[in-house]
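Dear colleague,

I am passing on the structure below, together with some notes on what turned up when I went through it. Please read the notes with the sequence and the coordinates at hand.

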Amino acid sequence: MMYIEPYYSSQNCDFTLYQGDSFEVLHNVKGSFDMIFADPPYFLSTGNGKVNVNGQYINFDKGQWDRVRSRDEKDAFNRNWLEPCSKLLKQNGTIWICGTCHNIFSVEKCLYELGFKIINMVVWQKPDPPVTLSDKRFNFCAEYIIWAARRSSKDYTFNQDNLKAVNGGVYMQDVWKLSAASAWEKLQGKHPTQKPLRLLYRAILASTNKGDTILDPFTGSSTTGIAANLLGRNFVGIDADKDFLELSIKRREYIREESQATIRTLSAICWMRDSWTRQRGLR
């Protein structure tokens, strides 16, 4: 193992970024992690795909990193990053991985081979998805998030009371109806696969405690890190793209002041409560 200099580290070291290929950096990251949240490539891009957004067709191609691959290529890719992640995850830690039907079955296969069990398959239902171009399939309105722990783990963290507090006092189900990232989440710039903070809040509240450390091997604009810091957790992120790391730093600086962080955290929690009441017709 060789030492890798962080690309960026906050003054109190609660937000650290590394630049480089995740396959390489993961083998050289020091420490162990209470939670890993990963948003790996879905392998959707064909080079000429388009989607219909508000009546306009826009390019759906995200780049070479998201190109369609064969089943064997997907398995090899996912194994290459999941194996070092499994070594960095604490024995009672858990891992969350986003996907669609294009990659999630490969992820599950690799997790099983590495000794993990699926705790839940969370469905992220989007109330405002883009319209599919095909008239031969249902409109896509959901992504899936595997939540997994080692098969030997019996004491992984699950903070049921935290989730009840943001879900109107009742047990949270495994279908989360959440809109895409809000406009204020993109004030410093946009990432093509940016996840909403509300989604990360739930995952982090569910499976970590204050002071825990979270790793994101495909950090992008670091929504995982922003949510982690807002909730009093530490964060380490990895990305090969310098522009996305700079965007991550801008976002981190934006929430640096405690008052700003408090406002954003409360607004997110209030939104979740409002969502719960709207879904049940209580308002």
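The notes that follow take up a helix, a loop residue and a cavity in turn.

Please keep in mind throughout that this is a predicted model.

I begin with helix α3, which covers residues 104-113 and in which Ile-104, Ser-106, Val-107, Cys-110 and Leu-111 are buried. Seen down the axis of α3, these buried residues fall within an arc of 155°, so they line one face of the helix. Phe-105 and Tyr-112, by contrast, are exposed on the other side of α3. As for what the buried residues of α3 meet, they pack against the helix α2 (71-88) and also against β6 (89-99), β7 (116-125) and β8 (142-150). After α3 comes Gly-115, with a positive phi near 90°.

The next item is Thr-219, which sits in the loop between β10 (213-216) and α6 (223-230). Thr-219 counts as buried because its relative accessibility is 5%, where the cut-off for buried is under 20%. Once its neighbours within four places in sequence are left aside, Thr-219 is in contact with Leu-17, Phe-235, Gly-237, Ile-238, Asp-239 and Leu-245.

Lastly, the count of cavities of 30 Å³ or more comes to one, and the largest cavity holds about 60 Å³ of space. The largest cavity is lined by Trp-184, Glu-185, Gln-188, Leu-197, Ile-226, Arg-251, Tyr-254 and Ile-255, a lining that divides into five nonpolar residues, one polar and two charged.

With best regards

Terms used. Residues are numbered from 1 along each chain as its sequence is written. This is a predicted model: local features need pLDDT of at least 70, side-chain atom pairs count only at pLDDT 80 or more; totals for chains, interfaces and linings use all residues. Side-chain values use heavy atoms; hydrogens and water are left out. Buried means under 20% relative accessible area, exposed over 50%, partly exposed in between (1.4 Å probe, protein chains only). Helices (H or I, at least four residues) and strands (E, at least two) are DSSP runs, numbered from the N terminus. The arc is that of the directions from the helix axis to the C-beta atoms. Contact means heavy atoms within 4.5 Å. On a 1 Å grid over the protein atoms alone, a cavity is a set of points where a 1.4 Å probe fits but cannot get out, and a pocket is an open set with protein on both sides within 12 Å along at least five of seven lines; lining residues have an atom within 4 Å of a point. Grid points are joined across faces, edges and corners, and a volume is the space filled by probe spheres set on the points. Ala, Val, Leu, Ile, Met, Phe, Trp, Tyr, Cys and Pro count as nonpolar, Asp, Glu, Lys and Arg as charged, and the others, Gly among them, as polar.
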